[in-house]
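Q: I would like to learn how to read the features of a model like this one. Where do we begin?

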Amino acid sequence: MSNKVIIFSAPSGAGKSTIVNHILGLRNDLEFSISATSRAPRGQEQHGVEYYFFSAEEFRQMIAEDKFVEHEEVYPGSFYGTLRSEVERIWAKGNAIVFDIDVQGGVNLKRIFGEQALSVFIQAPSVEILRERLIGRGTDTMEAIERRVAKAKSEMEFAAGKFDYVLVNDDLQTALAEAEDIVADFLK
Ligand code: 5GP
């Protein structure tokens with residue numbers, strides 16, 4: 001295997017972390033890409049585990065030095081990015097890189113890595129099922145439900161055609177098996 005990357009993106013609530021952690025636990029030729037950020041660590045987060053933490057000033061300096069494959073100001077003043085050194089670190093071990101990144105970041109990474117990348121969009125089931133689930137839960141007004149449904153719809157439309165694979169997370173066990181298969185197929 002040479003210099004491959006696998007990108008998982010999803011709107012929140014689609015079960016992305018569960019799927020990514022399952023895939024990482026399954027194979028030892030995959031390694032999670034640790035992003036750099038200028039936000040403060042939360043809770044037990046450690047430098048070099050969840051993220052590489054830097055000040056905004058250090059981060060800007062590193063942007064100027066072209067140290068990033070990609071970076072984004074996700075929230076005002078909070079930078080996130082993938083370091084070139086992180087990509088090199090993982091590839092040097094002969095591993096493929098796994099990214100768990102928001103939809104926009106995923107699209108950017110796919111553009112950068114092209115054929116070296118498999119990009120997977122994890123999607124909650126259909127708009128109808130999402131609406132039924134929200135109604136069944138009984139915690140939102142119809143107006144709030146329609147707002148959520150509209151947001152999910154626009155995220156799905158944005159993602160359409162921009163990812164190599166759309167993985168519908170309806171039944172989790174099925175989604176995990178499907179994720180395993182597409183990853184195995186890409187890496188073989
Ligand atoms: P959090 O602060 O909650 O850990 O992450 C906030 C957002 O930053 C999430 O949407 C996450 O996907 C995004 N993010 C994390 N790492 C990177 C990265 O390396 N590049 C980009 N563009 N976004 C990232």
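A: With a term for contacts. A polar contact is a pair of N or O atoms within 3.5 Å. Keep in mind that this is a predicted model.

Q: Which distance separates a polar side-chain atom of Thr82 from an oxygen atom of the ligand?
A: The distance is 3.4 Å.

Q: How much of the ligand does the protein bury?
A: Taken alone, the ligand exposes 520 Å². The protein buries 83% of that.

Q: What are the distances for Arg42 and Tyr80?
A: For Arg42, an N or O atom of the side chain is 2.9 Å from a ligand oxygen. For Tyr80, a polar side-chain atom lies 2.4 Å from an oxygen atom of the ligand.

Q: Which residues come nearest to the ligand?
A: The shell has 13 residues around the ligand. Ser35, Arg39, Tyr51, Glu70 and Tyr80 come nearest.

Q: What kinds of residue make up the shell around the ligand?
A: Sort them by class. The shell divides into 5 nonpolar, 3 polar and 5 charged residues.

Q: Which strands each supply at least two residues of the shell?
A: Strand S5 (68-75) and strand S6 (78-83) do. The largest share, 4 residues, comes from S5.

Q: Which pocket does the ligand take up?
A: The space taken by the ligand is the largest pocket.

Q: Is Asp66 buried, partly exposed or exposed?
A: Use the cut-offs. Buried means under 20% relative accessible area, and exposed means over 50%. Asp66 has 49% relative accessibility, so Asp66 counts as partly exposed.

Q: Why does Asp29 count as buried?
A: Apply the 20% cut-off again. Asp29 counts as buried because its relative accessibility is 17%. Its place is the loop between helix H1 (16-26) and strand S2 (30-32). The Asp29 side chain also makes a polar contact with the side chain of Arg27, at 2.8 Å.

Q: Where is Leu167 found, and is Leu167 buried or exposed?
A: Leu167 is in strand S9 (residues 165-168). At 0% relative accessibility, Leu167 counts as buried.

Q: How far apart are the C-alpha atoms of Leu167 and Val120?
A: Compare chain and space. The two residues are 47 residues apart along the chain. Their C-alpha atoms are separated by 6.7 Å.

How values were computed. Residues are numbered from 1 along each chain as its sequence is written. This is a predicted model: local features need pLDDT of at least 70, side-chain atom pairs count only at pLDDT 80 or more; totals for chains, interfaces and linings use all residues. Side-chain values use heavy atoms; hydrogens and water are left out. A residue is near a molecule or strand if one of its heavy atoms lies within 4 Å of it. A polar contact is a pair of N or O atoms within 3.5 Å; within protein, one must be able to donate a hydrogen and the other to accept it, and residues adjacent in sequence count only if both atoms are side-chain atoms. Accessible areas come from the Shrake-Rupley method with a 1.4 Å probe; for residues, only the protein chains shown count as cover. On a 1 Å grid over the protein atoms alone, a cavity is a set of points where a 1.4 Å probe fits but cannot get out, and a pocket is an open set with protein on both sides within 12 Å along at least five of seven lines; lining residues have an atom within 4 Å of a point. A molecule sits in a cavity or pocket if more than half of its atoms lie within 2 Å of its grid points. Ala, Val, Leu, Ile, Met, Phe, Trp, Tyr, Cys and Pro count as nonpolar, Asp, Glu, Lys and Arg as charged, and the others, Gly among them, as polar. Buried means under 20% relative accessible area, exposed over 50%, partly exposed in between (1.4 Å probe, protein chains only).
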